[in-house]
Amino acid sequence: MLDLKLIRENPDVARADLLKRGEIEKLKWIDEILELDEKWRENLRRINALRKERNSIAMEIGKRKKAGQPADDLLERSKEVVRQIGELEKENNAIREKIDYYLWRLPNITHESVPVGKDDSENVPIRFWGKARVWKGHLESFLEQSGGKMEYEVIEWKPLLHADLLPVIDGADLERAAKVSGSRFYYLKNELVILDLALIRFALDRLIKKGFVPVTPPYMVRRFVEQGATVFDDFEEVIYKVEGEDLYLIPTAEHPLAGMHANEILDGKDLPLLYAGVSPCFRKEAGTAGKDTKGIFRVHQFHKVEQFVYARPEESWEWHEKLIKNAEELFQELEIPYRVVNICTGDLGYVAAKKYDIEAWMSAQGKFREVVSASNCTEWQARRLNIRFRDKTNEKPRFVHTLNSTAIATSRAIVAILENFQEEDGTVRIPRALWDYTGFKEILPVEKRK
């Protein structure tokens, strides 16, 4: 949610940002807000003048009664003044509702370093890490995607897509999951169950060492939390509603963590607050028909460890860099090659002022695919959820900045491991960083097991 004061005092900033985002149709909203705000302030001036008059009349009535003089005329005027105040307050409440309608649906103001672009094709890779295994048939495409900035080795054999590898290692049952739950669900099986849990504990251990407090949040939240964490009108088709109750299954731990301190004034000495949320995530994946329908990359249910930070405004950009660094360190330990992408205005969404994605190289697909998103939401969520802080009790509270970043989304990390660590015979090596967590170093094809 944007600050009305910003639009009142710097409307051109809001207009310029809408132009960068390609939100041309919302430019008229700024003009409408300004007109409504001027009318609201004019009414407020009239209300204050009438209140002053009402107080003067009350004092004069008191004097007349004390002197034994009639005050009928003043009583009538007092009634009229009260009536006018009531009408103006009712009108101002309606005006404020209109203003809030627009403010709640305007996107965050983007950081100056966010590239301008129409969609994800114009996101900007800013760094690469690791040595990619590239099937010879993907080499030309890889060089184009990496810009020649990434180490690689060419392999002669074509790795199996993770969806094709799953039955080879008996790692999941998608057909029976579709029978009992529908498409985009899965039964995870055997070693992949252990790998899933290992990834959670691996990420959690690293974050705890960095001062993050582990949290298992509620898996369902009320509507006001979803409205505060995102643009609910746009997001409603993505999330699952509990029928007959004011509850929604969480699409990410970010949302219950954002709502955790709703309507609170935090003590400034406690900032930053660092949370590592561990939860399942539930998503309808509406609008993705035909995309990643096979396998476990884009699914309705998965586990995730999420970084969430409440920070001072002057420290939030430093924390944004720390969060993406934390996630990068995890993927470096897992030896998964990746690139970091600066998300452009057309792909940014409304909540974040800036967002980085980590895209892992998927050897079988011959593509970089998103495995991490790290966002600085500045005060956009905090305003909606009324989360403020102050250093002294007599100090005016300020809104905190909220930031979030994936640490590990387990299903996507598993896909990256299956595609990057498989051998020609179907064996999947386990990254060394996970050996102590899994208790095994490789997953053999079923036909090679004793």
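1. A cavity is taken here as a set of grid points where a 1.4 Å probe fits but cannot get out. The model under review is predicted, and by this rule it contains one cavity of 30 Å³ or more. The space in this largest cavity comes to about 40 Å³.

2. The lining of the largest cavity consists of L2, A14, D17, L18, I30, L106, P107 and I109. Sorted by class, these comprise seven nonpolar residues, no polar residues and one charged residue. Helix α2, which spans residues 11-21, gives the most to this lining, with three residues.

3. On the surface, a nonpolar patch is formed by L143, Y152 and V154, and together they have about 220 Å² of accessible area. L143 belongs to helix α5, residues 139-146.

4. Several points of backbone geometry deserve a check in the viewer. The peptide bond joining L271 and P272 is cis, with omega at about 0°. P272 is found in the loop between β9 (264-267) and β10 (273-282).

5. D170 is not a glycine, yet its phi is positive, at about 55°. The residue sits in the loop between α6 (162-169) and β4 (172-173). With a relative accessibility of 26%, D170 counts as partly exposed.

6. N263 likewise has a positive phi, near 60°, in a residue other than glycine. Its place is the loop between α11 (254-259) and β9. N263 counts as exposed because its relative accessibility is 57%, the cut-off for that class being over 50%.

7. Turning to charged pairs: side chains of opposite charge can pair when their charged atoms come close. The structure holds 38 salt bridges. Among them is the one between the side chains of E191 and R449, at 3.4 Å from N to O. This pair links distant parts of the chain, with E191 in helix α8 (residues 191-209) and R449 in the segment after β19 (442-443), 258 residues apart. R449 counts as partly exposed, at 29% relative accessibility.

8. A second salt bridge joins the side chains of R312 and D391, with 2.5 Å from N to O. R312 lies in the loop between β11 (301-311) and α12 (316-333), and D391 in the loop between β15 (387-390) and β16 (398-399); the pair therefore ties together parts that are 79 residues apart in sequence. Are the two partners buried or exposed? R312 has 14% relative accessibility and so counts as buried, whereas D391, at 37%, is partly exposed.

9. The side chains of K448 and D425 also meet in a salt bridge, at 2.5 Å from N to O. Because K448 lies in the segment after β19 and D425 in the loop between α14 (410-420) and β18 (428-429), this pair ties together parts that are 23 residues apart in sequence. K448 is partly exposed, with a relative accessible area of 41%, and D425 counts as partly exposed at 36%.

10. Which residues are linked in a network of salt bridges? The network is made up of R8, D37, E38, R41 and R45.

Conventions:
Residues numbered from 1 in each chain as written. Predicted model: local features only at pLDDT ≥ 70, side-chain atom pairs only at ≥ 80, totals over all residues. Heavy atoms only, no water. Patch = residues over 30% accessible without salt bridge, like charges linked within 9 Å, V, L, I, M, F, W, Y side chains within 5 Å. Areas by Shrake-Rupley, 256 points an atom, 1.4 Å probe, with all protein chains shown as cover. Salt bridge = Lys/Arg side-chain N within 4 Å of Asp/Glu carboxyl O. Helix = DSSP H or I, 4+ residues; strand = E, 2+ residues; numbered from the N terminus. 1 Å grid on protein atoms, 1.4 Å probe; cavity = no way out; pocket = protein on both sides within 12 Å on 5 of 7 lines; lining within 4 Å. Points joined across faces, edges and corners; volume = space filled by probe spheres on them. Nonpolar A, V, L, I, M, F, W, Y, C, P; charged D, E, K, R; others polar. Buried < 20%, exposed > 50% of the residue type's maximum accessible area, 1.4 Å probe, protein only.
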